[in-house]
Amino acid sequence: MKNYSSLYRFFNRKSTVGVVMCLPFIIGFCLFLAVPMGISLYYSFCEYNILSPARFTGGGNYIKMFTGDKTFWRAVKATFYFAFVSVPLRLIFALAVALILFKQTKMTGVYRAVYYLPSILGGSVAVSILWKRMFAADGVVNILLNSMGMDIHFNWLGNTKTAIWTLVLLSVWQFGSSMLIFLSSMKQISGELYEAAEVDGAGGAKKFFSITLPLLTPTIFFNLIIQLIGGFLAFTQSFIITQGKPMDSTLFYALYMYQQTFTFSNAGYGSAMAWVMLVFIGIMTWVLFKTKKFWVYDQG
């Protein structure tokens, strides 16, 4: 009886109950995240083609990546271009639409759902295939331009200057999630601030730049980090629509990592690329947090 009583007291403690409740997450985290990350880190220092045992080569993959792989740098360039162009445009569109939908009308709920819908569908394979057909030489875009009197048979996806912009447009089209976050943040701003500004004679632009925008900077900061990480990890658009063509102008980092791992059976090199991206995203996030105090209003 004494042993059973001690066991009962052990499981009855709050700390023990908390640990037991967290066990499913802890086990899942270890099995599906921590352990695979550890294995990936080891493989990044190996020559490994999946079909044969890994052979330790030290920093060979990293040396090759930074000094001997020109395609790697083209993928980095395409990814940076995509992220630093699409993310600001997406946030600007999201904020603009949030401002428009801020005023309550009978159809506001419908409008919000319609604008959010692309965020649900935009990353899917089906929409990527549809987007590919839209910008083909005989696609809807050229048909609409020709219907306005233009004689255009331009292949938007086959030109190095326009191919990546079709992917940027698809990314910007998915601004719905950021819009809803902006909208919910705008609702938290006290109406008394706007009333006081109106008493002082402030117009719409003055109220936006003096009240709305400063109080939205924490939300802008959050959206910026989330969207930048998503931009650097973009994969589906390039994989389905362009396959990295033409001339690697849309070869995103994640796509090249996928090709190295599964197409070229070079899992060791792909693992090294994954860790380089992880470190870069970590540094980028750290820099953004360090610069936060200069432009984010925390109401402190």
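Buried residues are those with under 20% relative accessible area, exposed ones have over 50%, and partly exposed ones lie in between (1.4 Å probe, protein chains only). Welcome to a predicted model, in which local features need pLDDT of at least 70 and side-chain atom pairs count only at pLDDT 80 or more, while totals for chains, interfaces and linings use all residues. Residues are numbered from 1 along each chain as its sequence is written, and side-chain values use heavy atoms, leaving out hydrogens and water.

**View 1. A helix and its buried residues: α9.** Helices here are DSSP runs (H or I, at least four residues), numbered from the N terminus. In α9, the buried residues are G176, S178, M179, F182, L183, S185 and M186. This helix has 12 residues and spans 17 Å from its first C-alpha to its last, close to the expected 16 Å. The expected span is 1.5 Å times one less than the number of residues in the helix.

**View 2. The largest nonpolar core, with 40 residues.** A nonpolar core is a set of buried Ala, Val, Leu, Ile, Met, Phe, Trp, Tyr and Cys residues joined through side-chain atoms within 4.5 Å. Look for M65, F72, L228 and Y253, which touch the most other members. At least two core residues come from each of α3 (60-67), α4 (70-101), α9 (176-187), α11 (204-232), α13 (253-263) and α14 (267-295). Helix α4 gives the largest share, 11 residues. Another core lies apart from this one; its 17 residues include F135, L145, L167 and L170.

**View 3. Around M65.** Which residues does M65 contact, leaving aside its neighbours within four places in sequence? They are F72, W73, Y253, Y269, A272, M273 and V276, where contact means heavy atoms within 4.5 Å.

**View 4. G60 and F45.** You will find G60 in helix α3. With 32% relative accessibility, G60 is partly exposed. F45 is 15 residues from G60 in sequence, and their C-alpha atoms are 7.0 Å apart.

View 5. About 1,100 Å² of surface belongs to a patch made by V19, V20, L23, F25, I26, I27, F29, L31, F32, L33, M37 and L278. Such a patch joins nonpolar side chains (Val, Leu, Ile, Met, Phe, Trp, Tyr) within 5 Å, using residues with over 30% relative accessible area and no salt bridge; for patches of like charges the joining distance is within 9 Å. Areas come from the Shrake-Rupley method with a 1.4 Å probe, and for residues only the protein chains shown count as cover. Helix α2 (residues 14-43) provides the largest share of the patch, 11 residues. L278 sits in helix α14 and is partly exposed, its relative accessible area being 42%.

**View 6. Salt bridges.** How many salt bridges does a search of the whole structure find? There are four, each a side-chain nitrogen of Lys or Arg within 4 Å of a carboxyl oxygen of Asp or Glu. One of them joins R55 and E47, at 2.6 Å from N to O. R55 is partly exposed at 49% relative accessibility, and E47 is partly exposed at 46%. Another links R74 with D248, the closest N and O atoms being 3.0 Å apart. Because R74 lies in helix α4 and D248 in the loop between α12 (236-242) and α13, this pair ties together parts 174 residues apart in sequence. D138 also forms a salt bridge with R133, at 3.2 Å between the closest N and O atoms. D138 counts as exposed at 53% relative accessibility, whereas R133, at 44%, counts as partly exposed.
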